Amino acid sequence: MKIICWNLRNLGGGKLARPKNSLSPSLAALNLGCTLLEYIVKVVTGDPVWSNMTDNDPDTSLTSNVPADIFVIIELKSGGKAKGRRANGGSMVVLPAVVNALNAATDNNYDYAFMNTDENPLPITGYNECVGVIYNQQRLTYNYSKIIRDGMGNYLNPKTPYYIRFTVNATQEYLTIIGLHAPPVGKNPYPNKRPVDYGIQLGTCRELTLNDDTFIMGDFNCDQTSTYTCNNENRSPFDWIDDEYFEINLPEQTLTSVKTMLNNNIQPPPANYLSQPFDNIIFKAVSVENVRTQVLDTIGKARNMSDPNNPTDLTVTQQSLMVAQYFKKFSDHLPVQIEFDIPAV
Amino acid sequence: MANWIINEYAGDYPGLNNSILYFLAFSSHELDGDGINFTGSLDVTGSNGVLTTLGAMVGLNDIAVSGSVNIDSTTLTVNIRSADSEDSIFIRAFEAIIQLFDSKITAAKLAINTIVEAGQAGDGQPITVTNGDDSETEPDLITDEFDIQMSLSIGTSGGQADIVSQVPIHGGMLNLTGDFTDLDIGLDDLNFLMGALGDEDHAWFPNDQLEAYTPNTAQFCLLNLSLSGFVNAADPTNIDISTISVTVGLTQLVLLSDRLYMDPLGVVITLTDTTDNAITPTVVWGLVGSAKLCNYNTPGVDGLDSPDFEFDFSMDFPNLPDFPTFAFSGNLENPSGNSVNLMLKDLIPEDIDIGLDEKLTVNSFEIDTEADMDTGTISSFYTSIDMSAGFGLLVNFDLESVSISVDYSA
């Protein structure tokens, strides 16, 4: 099973398909997608244009050309700010459009949907924002969902995580997704304080103690190495993961946030177009096995696929344009993917 | 991959090498005597794949075009349009591909528009842009549009809706979208978007539920139309329309003289699964609007571009039996931190002082409520107001803001 999580920076309906939010024609000619919706579909469905996405290491066994079973959208736009109220606005345009596009691009093994009924509404997680979770009904059955609170009963601020639980059809095991958007890095003297404290607070949520296969994902605005010292106490965001039987197998300091422009004069790739290790997936494998995590570097791995039988590397200029336009029109984050095996029953 | 435009101008305008023009091949071209305007023909097969999908959609191997190459001071502008002689072919082709538009397309053209500054590389690298005393670093990008432009005749008044999509390359998506002003329309004029399902027995756009808002002769304007579909690269004449979104409404509706306007008051309708007769299409619709309070120094419609206060609201209507809930939400934003005194001054032309502290501001006000049509009761209600502090009883407290909220659910 494959899950992809992607912070798509303030994603509303207008951004999905309008010409002004599309890649320029010269980049659209590379056959990686033109509009953001097209681009999303090609990445999430494992389109052959991204057949090079897996690592060259055969031991990782990552599968490029298989569509994701779950697609989590971070920074999905909603009206309103009251946590728990029903999401509206841009999210209600984006989710049906993405679901329809994914279903049109996949075969009968995939039947995508999202949950937003009166009984199970999609909730706002914070100011003008919600977390979109699109799932494959052929392999997963929705159980329930909610926004979650910490161990003291408080929401995490400013955006509280969204929890959604599924049953894996083949095994009847529970599979839980928690999507989140941590507060951004601040100013000195403790720039990491807010995201680190958010990570610490996350560790107190009772939902983490459940014995489900659990995947916590999104924009943490920090990583395992982010710390700050206060009152001689060194604080880091994920000290709790061992206690709660969670793991992270994305290497420390794996960069995921995209710079505004490519600058070859500063650092070698990918640091010349990526800046921070902000996106991650923390998981608890109870029944699933062989969990692998990877950042989908849709900039560094982009190729000229105008002739699908003869892919070529991008020129330096095309790379530069891709960075600039990806940041300006799509997002300041790369997607992150996690795959795992579900043991046969 | 040079063509005559690249050969002639790319030396002084290197950004052309990073535009769609770089990929195009001309079968022929002829310049007018002024050296600016030209006619010619684009070679679909020779254009490095960028015209393959469009060529298959319209059934052409060569596309007759006309255009111009203008130099104004240091700016080069290239405009290319499919020739008028191709119009009927384009129209028939798109009416066949998008059957919802049958007999409604009045114009359809390929439109290319590229703007490059002299010496501009257009390669996305950092450049410094100066604006008065300020300068900032931006990526070096050119203007480069490669679109299908289409005009639709909608409504009994014969209004023309101009919609545009970037040309699908290697298949992909056709996203036709347009924003309009002064395009009169009635809700039932939109039934054509439901295709074969838009007959007399199915009122997909619920005129009757809006009777209170649409007296007999009132007409809405079409504010926005967007239509998305996937183009199959192997068969570009076959498109699955996945989503249609329409906004109809009134703009610049005066609420209080030339100071307070409803701009717009609209109905948003989103349709999915419209052309699959095996599935009942889903229609989600509601009212949206924005009340705008103009600054007292810029009353009238000119002040709507930068109002002092803006209250956005939306109303979701029930869609029985699956969605029995009526919902209303409203949100006042005050990003400039304007004071309540300014709000009063904007509303009341005479100078008035009711003794409020000048520092008193309403940072935000939000209201959200749902009513269940089945039970006839309000099922949930939420309101919140966020104000500045530093006034009245709070004057001696070091508070940045004060929030009060009420939350009820049944």
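This is a predicted model: local features need pLDDT of at least 70, side-chain atom pairs count only at pLDDT 80 or more; totals for chains, interfaces and linings use all residues.

Reader: Ok, so is Lys159(A) buried or exposed?
Author: Lys159(A) counts as buried, because its relative accessibility is 13%.

Reader: Which residue does Lys159(A) form a salt bridge with?
Author: That's Glu129(A), with the closest N and O atoms 3.0 Å apart. The pair links distant parts of the chain, 30 residues apart: Lys159(A) is in the loop between strand 5 and strand 6 of chain A, while Glu129(A) is in strand 4. Glu129(A) is buried too, at 7%.

Reader: How many salt bridges over all chains?
Author: Eleven. Another one joins Asp197(A) and Lys193(A), at 2.9 Å between the closest N and O atoms. Both sit in helix 5 of chain A, four residues apart, about one turn of the helix.

Reader: And what about chain B, what does Asp87(B) meet in a salt bridge?
Author: Lys109(B), at 2.8 Å from N to O. Asp87(B) is in helix 3 and Lys109(B) in strand 5 of chain B, so the bridge ties together parts 22 residues apart in sequence. Both residues are buried.

Reader: Switching topic: what does Pro25(A) touch?
Author: Leaving aside residues up to four places away in sequence, Pro25(A) touches residues of chain B, including Ile20(B), Phe146(B) and Ile169(B). Pro25(A) is found in helix 2 of chain A, and its relative accessible area is 0%, so Pro25(A) is buried.

Technical notes. Residues are numbered from 1 along each chain as its sequence is written. Chains are lettered from A and ligands numbered from 1 in the order in which they are written. Side-chain values use heavy atoms; hydrogens and water are left out. Helices (H or I, at least four residues) and strands (E, at least two) are DSSP runs, numbered from the N terminus. Buried means under 20% relative accessible area, exposed over 50%, partly exposed in between (1.4 Å probe, protein chains only). Contact means heavy atoms within 4.5 Å. A salt bridge is a side-chain nitrogen of Lys or Arg within 4 Å of a carboxyl oxygen of Asp or Glu.
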